[in-house]
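The tour moves from one stop to the next, with a note on what to pick at each.

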Amino acid sequence: MMDGGGIMSSAATGAMGSLLAKLAALLGEDCYRMQRGTRREVAFLRDELSSMNALLERLADAEADAPLDPQTREWRGQVREMSYDIEDCVDDYMDQLRGRGPDLSGGGVVGFVLGYLQAVREMVSRRGIAEQIQDLKARVVEAGHRRKRYKIDAAVSSTRVVQVDRRLPALYAELGGLVGINGPREELVRMLDDGDQRMKVMSVVGAGGLGKTTLANQVYRNIGDRFDCKSFVSLSQNPDIGMIFRTMLSQLKKDDCELTASGDKEQLINELRDFLQDKRYLIVVDDIWSTQAWKIIKCAFPENARGSRIIVTTRIGTVAKSCSSPGYDLVYELRALSEDDSKMLFFRRIFGSEDECPHQLKEVSVEIVRKCGGLPLAIITMASLLTTKSDTREEWMKVCSSIGSGLEKNSDVEEMNMILSLSYNDLPHHLRTCLLYMSMFPEDHEIRRDYLVRRWIAEGFIKVFGGRNLEEEGECYFNELINRSLIQPLDFQYDGRVYSCRVHDLILDLIVSKAVEDNFVTVVTDKRQILHHQGKVHRLSLDCASVENMLSHSMSFAHVRSLNIFKYSELMPPLSKFQTLRVLDLDGNENLESFYLEDISNLFHLRYLRIRASKIILPEQIGELQSLMILDLLSCYDTAELPASIVKLWKLKWLIARRVKLPNGIGNMQALEFMSLVVVDYTTPVAVLQQLGNLTKLRTLGLDWRISDTRKDKMAYADNFVSSLVKLGTSNLRYLTLISPWSLDFLLDSWSPPPHHLRELAIKGWCLKKIPMWMASLANLTYLDIEVKVIQETLQVLADFPVLQFLKLYSNAADPEERCLVVNNNGFRCLKKLNFVHWTNLMFSEGATPMLGTLEFQIIVHEVKNACGSSSPDLGIFHLSALKNLVVNIYCECARVEEVEALEAAIQFSASMLPNNPTPTFHRFREAEMLMDDAG
């Protein structure tokens, strides 16, 4: 089987990549097991298919320049389908050669008879497969003849090197959000913040791609802090209203409430109304498509006369009027960008400014901008495409002439696709495949980067280069799609990396049509026609609560390789019908029962399994999935223990769970690179902790330590755990999370040699007495989340970490001798985000934290003046020149009202003088315990 390091399939070539690798394996390590005649047939298939594979790639390049003629397209489609069929046959043949199947040998006479019968079955089966190979060879020969008759060999491919645009995180936010947005944003803020205490709904209406979501988000960020609570939710054409309400509750309450929790719409509406009744709230409902959906959603918003505001965005004028508050002029029609703003957006995206544009490109640039028709998405897409081209007028004229003139007349989706197709066609084959694969996901679906990359890996879309591993290479693919503005970043990590993304509706329309046209993906949704090519189904995405729509079509599941079920139904086809499955993702299936997995042991080729269901129990047969690479149980909240057979999965690289016991025999799973979160408690044998040290490929480990301090054998557990950590730390460990309600002090001085490769470290639940020496020596650490008793010496140790970018520091312990800690000059040189939760005040010296962009910390007001002095009433905030986000938690106990107000005013003033002009968010605590004015 494939090891996951090479490309297995693609939109351009079907299953040719993995098929050729398997044919090579048959002629290599498995050659001696084949009959001589079969070897000749396999060698012929390999040679002939290699030539066809190269031609398929050339045709994909040719299609980027001009549409293929129908005859060529038909030939290409037939060869792709043939590649899938041949691979299925080869898989069966390799299983037979390698003896896959139940062990029937046993012992004695019965065992001999059963073994003989099995051998006969295998011989008959091999003859049957050999006949299939003959039939497939005939198909290949005929395809070769048609290739010559139709004279298909005419395309020429070119090789390009694509550079990564490293400016994207800042550029995307600025260009996609701010160019031409100031006027509309200020107008909306003026209309919303008019002092009227009645609840109002404002609608923003405009065509797709004009920037409605961007505008709403800018207003949301601008005025959000003026409200008691806020929420931003995006809808689709067929929204899951229950999920929308649960998302609102999570955002409004600012907690981690379970989004898949039960509760009908009526219960959720009542809970929302009860929570919002006495609050001033701000809600954004983005991309609503129907008045029917709005009629249900608006029931959750009480009219409480507290100045609450709701913003709705839509493409449809009638929906906008229906949503907006009656009696007010609260429908805002978003217009296309002006010519000047369009040019500013375009030139800034490529060159930084119009002045930096080379003279020979000025004229053609203006023409390209004109053809984009003022649509921000079109402008950014074209600009991103041109950043990959040389600065020659001929190259840019070629791009310009490729753009149809449709946008000069109107801006419907078909015309937009003409522009978006240019960027799609300009992608290398592997990125086209990765982008098309995202058509598997519903509209407005938030897609986490790591999750998407793992899906790509399981499908075989990633090929490693330059010493990077599969995850790192996959993230490069992801970043390139972001750079080209083909997917939109949603959330960013502390280090600027994109955490999650979504696909813009217009681009989703484009890639769905292309994926269906190429029979790459089949999509089934509620209230929509099945998007299905007439050929066999290879990748199936089911986003429907009922399956009548699907079952009404004569759809065969025998060749489905990827199955994504977003909504489970009892009528769902059983897994026994999906014999060739490689990827199974059961997403958002609250009602999924364990019996649905009964036949999972027959999915011999399964490489990826993700389950999102709270009541699932994995069957013991899970150990028979010998090809499984990725097991994702993160959303299986009731799964506390894995089947014993899990340790048979010798190819498993990712074991992702919420909290499961560390399996006995874990040492057998030496391919593991990611394991989190596993539990060690009193039922865990000490030997299992010894086995943990054998997982030398492990890069990520999350462990919940549940060994009580009162246990007599605690030191045996601790010693073996530390021994294993030392082995992992000197191997490949990069990310470590330890959670424990019990003491972890045994880690203070016992980790030697230190894990010098460690990049991220989190220790939660236990407050360390000090920073261990081994921790202080971690020169590659970028992320640290710990609980520790903090004194000035501790802060200095942390400030000396050379590349630390994120620090969350928590401690309930305060030293009475040190009531104000000072971050000194040159401290925390690379820190970008600091969350300081401590019963001691914090002060910043000049030159401290020069890169700090986000700060959240506490202030004990009545101690500030005495502890920190009066020379810096803002605690040195004015020194933080890179600050963009500031949250201050103010403890008012024993302080006077005027002291609290003076402190807030000082911080507010200092923040307003900083280059980024951050708006501080103040949270007061224990206001009732402030001193009265006449108190002494």
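A salt bridge here is a side-chain nitrogen of Lys or Arg within 4 Å of a carboxyl oxygen of Asp or Glu. By that rule, the count is 47 salt bridges.

**Before you start**

This is a predicted model, where local features need pLDDT of at least 70, side-chain atom pairs count only at pLDDT 80 or more, and totals for chains, interfaces and linings use all residues. Residues are numbered from 1 along each chain as its sequence is written, and side-chain values use heavy atoms, with hydrogens and water left out.

**The whole chain**

Show everything as a cartoon. Of its 936 residues, 54% count as buried. Buried means under 20% relative accessible area, exposed means over 50%, and partly exposed lies in between, with a 1.4 Å probe and protein chains only.

Switch to a surface view. The accessible surface comes to about 40100 Å², and 50% of it belongs to carbon and sulfur atoms. Areas come from the Shrake-Rupley method with a 1.4 Å probe; for residues, only the protein chains shown count as cover.

Now consider contacts, meaning heavy atoms within 4.5 Å. Among contacts with a separation of 6 or more, residues 24 or more positions apart account for 62%.

**Stop 1: salt bridges**

Select Arg-582 and Asp-91. Their side chains meet in a salt bridge, 2.3 Å from N to O. The pair links distant parts of the chain, 491 residues apart: Arg-582 sits in the loop between β11 and β12 (583-586), and Asp-91 in helix α3 (residues 70-97). Arg-582 counts as buried because its relative accessibility is 6%. Asp-91 is also buried, at 1%.

Next, pick Asp-194 and Lys-200. They form a salt bridge, with the closest N and O atoms 2.4 Å apart.

Asp-196 is buried, with a relative accessibility of 18%. Then select Arg-454, Arg-455, Asp-585, Asp-587, Arg-610, Arg-612 and Asp-632: salt bridges that share partners join these residues into one network.

**Stop 2: Ser-635**

Ser-635 lies in the loop between β14 (630-633) and β15 (654-661). At 16% relative accessibility, Ser-635 is buried. Leaving aside neighbours within four places in sequence, Ser-635 contacts Ile-611, Arg-612, Ala-613 and Ser-614.

**Stop 3**

Select residues 16-26, helix α1. Eight of its eleven residues are buried, so α1 is largely enclosed by the rest of the structure. The buried residues include Met-16, Leu-19, Leu-23 and Leu-26, and also Lys-22.

Move to residues 376-386, helix α14. How many of its eleven residues are buried? Eleven are, so α14 is largely enclosed by the rest of the structure. Among them are Pro-376, Thr-381, Met-382 and Ser-384.

**Stop 4: a charged surface patch**

Select Glu-339, Asp-340, Glu-354, Asp-355 and Glu-356. They gather in a patch of negative charge on the surface. Patches like this use residues with over 30% relative accessible area and no salt bridge, with like charges joined within 9 Å; nonpolar side chains (Val, Leu, Ile, Met, Phe, Trp, Tyr) are joined within 5 Å. Asp and Glu count as negative and Lys and Arg as positive, while His and the chain ends are not counted. The place of a charge is NZ of Lys, CZ of Arg, CG of Asp or CD of Glu.

Zoom in on Asp-355. Its loop runs between α12 (339-350) and α13 (359-371). At 71% relative accessibility, Asp-355 is exposed.

**Stop 5**

Pick Ala-558, in the loop between α21 (548-551) and β11 (562-565). Ala-558 is partly exposed, at 37%. Not counting residues up to four places away in sequence, Ala-558 touches Lys-577 and Thr-580.

Finish at Thr-849, in the loop between β24 (841-844) and β25 (854-860). Thr-849 is buried, at 1% relative accessibility. Leaving aside neighbours within four places in sequence, Thr-849 contacts Val-823, Gly-827, Phe-828, Phe-844 and Leu-880.

Methods. Helices (H or I, at least four residues) and strands (E, at least two) are DSSP runs, numbered from the N terminus.
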